[in-house]
Amino acid sequence: MKKVLFAINNLEGGGAEKVLVDLVNNLNKKKYTVDLFLIDKTGVFLEKLDKDIKVLSSYIENHPLKERYLKDASPTELYEYFFKGDEYDVEIAFLEGIATKIISGSTSKKAKKIAWVHTDLVEHPWFKREYRSEEEIRKCYQRFDEVVCVSEKIKEVFEKTYGKEAIVRWNPIDSNLIKKKCKEEVELPVHSEETFCYIAVGRFTKEKGFERLVNVHERLIDNGYHVQLWLIGKGELKSHLESIIQEKKLQNSVYMLGFQENPYKYMENADAYVCSSYVEGLSTTVLEALILGLPIVTTNCPGMEELLGQSQYGLITENSEQALYEGMKSMAENKELYLKYKKQAQTRGAQVHIEKSIAEIEMLLG
């Protein structure tokens with residue numbers, strides 16, 4: 001039986017964190033034992049882990065110099081600090097940044113080292129704050145036996161930026177669980193039959209474009225469209241978004257529903273899914289919307305053409321506020337277009353199988 005280590009910052013409510021939980025829970029338990037290392041042992045997904053997964057956490061969690069130490073220490077110093085005497089067959093950094101820095105410093109001669117890349121490292125360079133220099137980032141990635149990118153676009157950017165070959169693996173999504181949970185009872189925002197309900201799920205961060213989504217919604221309302229917007233998630237911009245909604249007097253048509261352990265029961269009852277992101281890797285929530293057969297309107301960010309083709313399975317707009325407005329307007333007012341994309345979403349969603357994704361990843365683990 002192989003011993004596998006996964007490392008990630010925490011298990012807060014983000015796409016990569018949710019994917020990781022689905023992944024480790026579905027690995028073959030007769031072939032692998034799994035340890036999960038968290039920089040901070042926090043997050044809404046902690047309780048979703050199978051009981052046989054051992055959770056390790058940072059020994060410097062409450063240290064006042066924690067952030068400075070993580071940045072200033074070398075990768076090897078960090079690895080030896082956290083994993084003295086531990087032996088793994090496979091060591092996986094499942095997120096850019098500090099998890100990747102730590103695993104790149106592995107002193108294990110037998111462990112296969114794998115790094116996952118979930119985002120465009122040029123358009124979304126948040127991870128650089130964890131390193132002392134650009135050269136250190138490059139050297140860290142060179143130490144991995146394999147780099148896994150979640151979409152072809154992410155792979156293209158990574159290879160061009162860091163000069164190392166990568167492979168593509170889609171995120172494993174548990175479609176069976178989604179179809180089961182979407183049937184749970186739910187209390188929905190009040191709306192009439194002629195109201196067209198858009199839903200968006202994600203972290204309230206700048207990259208996700210929720211502010212421009214609210215602006216687009218305001219324009220639809222002002223132009224006489226009967227639309228609602230349901231927002232599910234949490235994050236640093238939550239209060240800012242709430243203020244904007246109040247200022248624009250949209251409280252009766254934009255509903256912030258908070259973080260939901262089960263967003264699928266809301267998605268099941270919406271008319272369409274909207275993604276307003278400036279940048280993505282491979283959108284977990286768009287994949288989930290496809291599984292539920294929801295028509296999709298999305299900005300053209302990395303991964304969307306892989307998921308939706310050239311607007312074959314969902315409506316892809318240019319990555320601008322005006323284009324997003326035109327796309328959302330078309331979906332809400334054109335019944336024929338709506339029914340077309342509902343059928344196409346169902347077709348594409350039926351092609352998503354977690355068993356296939358897990359099998360491909362297990363081949364990678366060996």
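The crossing of helices α5 and α6 in this predicted model is left-handed, a term used where the near helix is turned anticlockwise from the far one by less than a right angle. Helix α5 spans residues 134-142 and helix α6 residues 152-162; helices are DSSP runs of H or I with at least four residues, numbered from the N terminus. Their axes come within 10 Å and cross at roughly 115 degrees, where axes are lines fitted to C-alpha atoms over the stretch in contact and angles run from 0 to 180 degrees between N-to-C directions. The two helices are therefore roughly perpendicular, the class for angles of 65 to 115 degrees. E134, I137, R138, Y141 and Q142 of α5 meet F158, T161 and Y162 of α6, contact being heavy atoms within 4.5 Å.

Helix α13 (residues 321-333) packs against helix α14 (residues 335-349) at an angle of about 95 degrees, with the axes 5 Å apart. This pair is thus also roughly perpendicular. S330, M331 and E333 of α13 make the contact with K335, L337, Y338 and Y341 of α14.

Residues lining the second largest pocket include W170, R348, H353 and E360. A pocket is an open set of points on a 1 Å grid over the protein atoms alone, where a 1.4 Å probe fits, with protein on both sides within 12 Å along at least five of seven lines; lining residues have an atom within 4 Å of a point. Helix α15 (residues 354-365) contributes the largest share of the lining, three residues.

Residues are numbered from 1 along each chain as its sequence is written. Local features need pLDDT of at least 70 and side-chain atom pairs pLDDT 80 or more, whereas totals for chains, interfaces and linings use all residues, and side-chain values use heavy atoms, without hydrogens and water.

Technical notes
Parallel < 35°, antiparallel > 145°, perpendicular 65-115°, else oblique.
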